[in-house]
Amino acid sequence: MRKSGALVFLPCRLILLAGLFALVTGGYARDNAGASPARPVLEQVHVIGQQDNIYTIPGSAHYIDDQDIRALSYDDINRVLRQVPGVYLREEDGFGLFPNISLRGVDTSRSAKVTLMEDGILAAPAPYAAPSAYYSPTTGRMSGLEVLKGTSQTRYGPHTTGGVINYLSTPIPEDQRVFLRAQYGEDNEIRAHGVVGNTIDTDMGRVGYLVEGYFRETDGFKHIDTTPDFNNSGKTGFYNIEPMIKLAWEPDSDVYQRLEFKYGFTDKDADETYLGLSTADFRADPYRRYSASRFDNISTEHHRTSLRHFISPTPDFDVVTTVYYNKFRRNWYKLADIEDVGGIAGNNFNLSSALAGAGGGTGLACLRGTLDCNLDVRANRRQYYSWGIQSDATWRLSTGNVAHELTAGIRYHEDEEARFQEEDTFVQAANGTIINTIQGIPGSNANRADRADAVAFFIQDKIEFGNWWLTPGFRYETIDYERANFAAGTVTPESLDVMGGSIAGGYDVTDEWQVFGGVNFGFSPPSPGGAISGLEEETSIGYELGTRYAGRDGALIAEGVGFYTSFEDLIVVSNIGGTGTGIDENIGEVDAYGVELSGTFDLARANNWSFSNQYYLAFTYTKTEQKNEARSTDAESIFSFGAKGNEVPYIPEYQLTVGASLDFANWGGELSATFVDDTFTSASNVTTELNGNGDPDARFGKTDAYEIVDMSVYARPRENLKLFAGVHNVFDTRYIVSRQPHGPRPGMPRSWFTGVEVEF
């Protein structure tokens, strides 16, 4: 539902929010100042908190702890999330730097439909103004991950059609902790992770601190074709530096309170490219890069700051209030187009058409560096910021034999994406040498800013009576957009109201067995450009029915869920990977349905053995179906020319991950195997590299089905010392994991690693 008024109501909203925060956190505390100290409420920064809490979540939920991440030395979110059913992943770079994540059938592009959080705070650079921005928190420094789907996501927006992923940073320890981990591996990869922290008692209360550093560097696993003036062919890697500090104070008072400050910084530089290969060249050598991509590089800086206040005036009432600020800067300098191919003025090619053989192969020859042409390299310079204040209050009460856990929250949020771009032209000779460079004028390609401010409110009540529980929830957001085109001197506003909710219920059949189900009414708002152009918000109705089992001895934990989601006005991002006009689109109605199975079984625990022998499984079967003919006839968009009954791109029908671990007192190991089905890479569901107009385009076709095996072993020569080693992609499987951004792209090849871990 659209509304008028745009930004004029902002001061009133701020006053209203300030009053609500004061009423909730201040007034209630004064009335209960004499209450006894309550339990800490730190778990409220988590979505789940720990594995046992999954049984209190209204919908499907999964928790991955730090051991699940480190057992196989993962720093790739794609590999970690393979342990969770109902998650679909389109890899892009082989390292997990730029993941494309979907939950239960939403569009995978840039994880735009997934609410990404870190410690319960929106983590994307501008989740409203630029939901498809390149970003993912670094997996390797995390202490855990939480994934919510279905009815469990009502509390978390702005996107509730897909689901929620909450990254958990390293917490401040209760006791002194020193942790050091160092690793070396294939392609001169170096990783280092260090943590020092403690919580101490003082006359003013408990004071905690944490200092953390994370570093990763690699030469990369691809090689660039050389030319007479370029010989640095191995320059395809990246480095990432991430320091973080946390400070906490729990004052010695009758009412339990805690203040926690967090600051983190990321400095990342990657010699990555949008450009893939022709299919024939990929089959010959998937790790090759053409010389035309040698200028491509992305550099980013990210500042993350938050101040969180916990208060528990009584044992039955908690309030968590957080102020946060994020600033993100990046410049992706990358090949955009090729022009004047063969010295012919106006003989220009889109990169994907060149890869598919357009122009009789002359475009491909230009990319290979064997034909004269002009290489247009664009500085995709962006700056983002976001800030906000959010407060959640939880009240536990009973009315007769009925218990309630009532939670309400409100958030004010602002964010912005500013573009200031230009294109440089490199004039290439027939032997690949660059003979001239024409500098672009800064801001000439794009000079604009998209802004959004939003007020979000939710309320949810978990009601328990006997063995039954029922959880209704409601969410409402009002969003004001603004696009400022500095080149044209125009400012265009738009506003949007969206609302949704869910109702979930369940029955505890026994202490070990639970059944649950629910209905989720989700929404996903468009970006400012989409809203201004009249795009409707994406909505969905999702149904799920499942069961969970957790044996008392902890040997067997299992969950099975059937789901069905009907999407209305599914929003797709047409400019991802250089496709389309750059305007988001509603492609219409889509249905997604399937089955998710997951579980772990510890054979040793079941038999009371003295060691651990655990097996795990994550299986997903999914069918997606477009319910109407595609609205888009933009031949470059992968969502154009889709036919009724076709599948959604990049959503595989079958996915399976199985694993086993063996852990003795001083040694052990882990093995993981993943199968992913092939997928169509366009809504038109073609198997050839032809777009809807019949023109060559390497983005169209299919990905490969593939199997990947990872393994690791470790030994503990001393109590606090761990030596480890392993191999990712043991059988060196070669496969097309994506045809976007431009042409076939590989997953990571076989790579080995070894390292040491110390903790005391």
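Mentor: Happy to; we will start with the overall fold and then turn to the cavities. Keep in mind that this is a predicted model.

Trainee: How many helices and strands are there in the protein chain?

Mentor: The protein chain has eight helices and 37 strands. Its radius of gyration is 26 Å, close to the 27 Å that the globule rule gives for 760 residues, so the chain is as compact as a globular protein of that length. Along the principal axes, the C-alpha atoms fill a box of roughly 85 × 65 × 55 Å.

Trainee: What share of the residues counts as buried?

Mentor: Of the 760 residues, 59% are buried, a label given to those under 20% relative accessible area.

Trainee: Now to the holes. How does one find where empty space is left?

Mentor: The general idea is to roll a probe the size of a water molecule over the atoms, which shows where empty space remains. Here, a search of the whole structure finds 13 cavities of 30 Å³ or more, and the largest cavity has a volume of about 270 Å³.

Trainee: Which residues lie nearest the centre of the largest cavity?

Mentor: Those are Gly-120, Arg-155, Tyr-156, Gln-390 and Asp-392, out of 23 lining residues. By class, the lining has eleven nonpolar, seven polar and five charged residues.

Trainee: And which strands each supply at least two residues of that lining?

Mentor: Look at strand E5 (121-122), strand E16 (317-339), strand E18 (373-399), strand E19 (402-428) and strand E21 (446-465).

Terms used: Residues numbered from 1 in each chain as written. Predicted model: local features only at pLDDT ≥ 70, side-chain atom pairs only at ≥ 80, totals over all residues. Heavy atoms only, no water. 1 Å grid on protein atoms, 1.4 Å probe; cavity = no way out; pocket = protein on both sides within 12 Å on 5 of 7 lines; lining within 4 Å. Points joined across faces, edges and corners; volume = space filled by probe spheres on them. Helix = DSSP H or I, 4+ residues; strand = E, 2+ residues; numbered from the N terminus. Nonpolar A, V, L, I, M, F, W, Y, C, P; charged D, E, K, R; others polar. Rg over C-alpha atoms; globule rule 2.2 N^0.38 Å. Buried < 20%, exposed > 50% of the residue type's maximum accessible area, 1.4 Å probe, protein only.
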